[in-house]
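Hi everyone, thanks for coming. Today I'd like to walk you through one structure, so please take a look at it with me.

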Amino acid sequence: MFQAVLGGIIVIILGLVYCIKPVWIWRITERWKSYYADEPSDFYLLVTRIVGGFFVLFGVVMIILMFVLK
């Protein structure tokens with residue numbers, strides 16, 4: 001049970017980083033792939049924030065289900 005709660009917290013934190021600082025994610029994962037890209041596109045920022053929202057939702061559901069299915 002502890003591992004699921006800890007995993008949920010980690011997923012929530014990762015999702016919040018995706019939502020709040022998508023540029024950090026771009027710098028880590030995509031910047032090195034292009035010589036000319038100085039910043040991410042607006043579409044990339046939008047999609048990254050949406051994915052971050054799903055991560056937060058999934059983390060919350062993980063934690064809630066652990067207490068409900070206990």
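Predicted model: local features only at pLDDT ≥ 70, side-chain atom pairs only at ≥ 80, totals over all residues.

Residues are numbered from 1 along each chain as its sequence is written, and side-chain values use heavy atoms, with hydrogens and water left out.

Let's look at helix α3, residues 42–68. Helices here are DSSP runs of H or I, at least four residues, numbered from the N terminus. Helix α3 has 27 residues and reaches 39 Å from its first C-alpha to its last.

Which residues of α3 are buried? They are Leu45, Thr48, Gly52, Val56, Gly59 and Ile63; buried means under 20% relative accessible area, exposed over 50%, and partly exposed in between, with a 1.4 Å probe and protein chains only. Their cover includes α1 and α2, the latter spanning 22–29.

Now for the pairing of helices. The axes of α1 (residues 2–20) and α3, lines fitted to C-alpha atoms over the stretch in contact, come within 7 Å and cross at roughly 160°. The two helices are therefore roughly antiparallel, a term for angles over 145 degrees.

Val17 is partly exposed, with a relative accessible area of 27%. Leaving aside residues up to four places away in sequence, Val17 touches Pro22, Trp24 and Ile25, where contact means heavy atoms within 4.5 Å.

Technical notes:
Axes fitted to C-alpha atoms, helices over the stretch in contact; angles between N-to-C directions. Parallel < 35°, antiparallel > 145°, perpendicular 65-115°, else oblique. Expected span 1.5 Å × (residues − 1).
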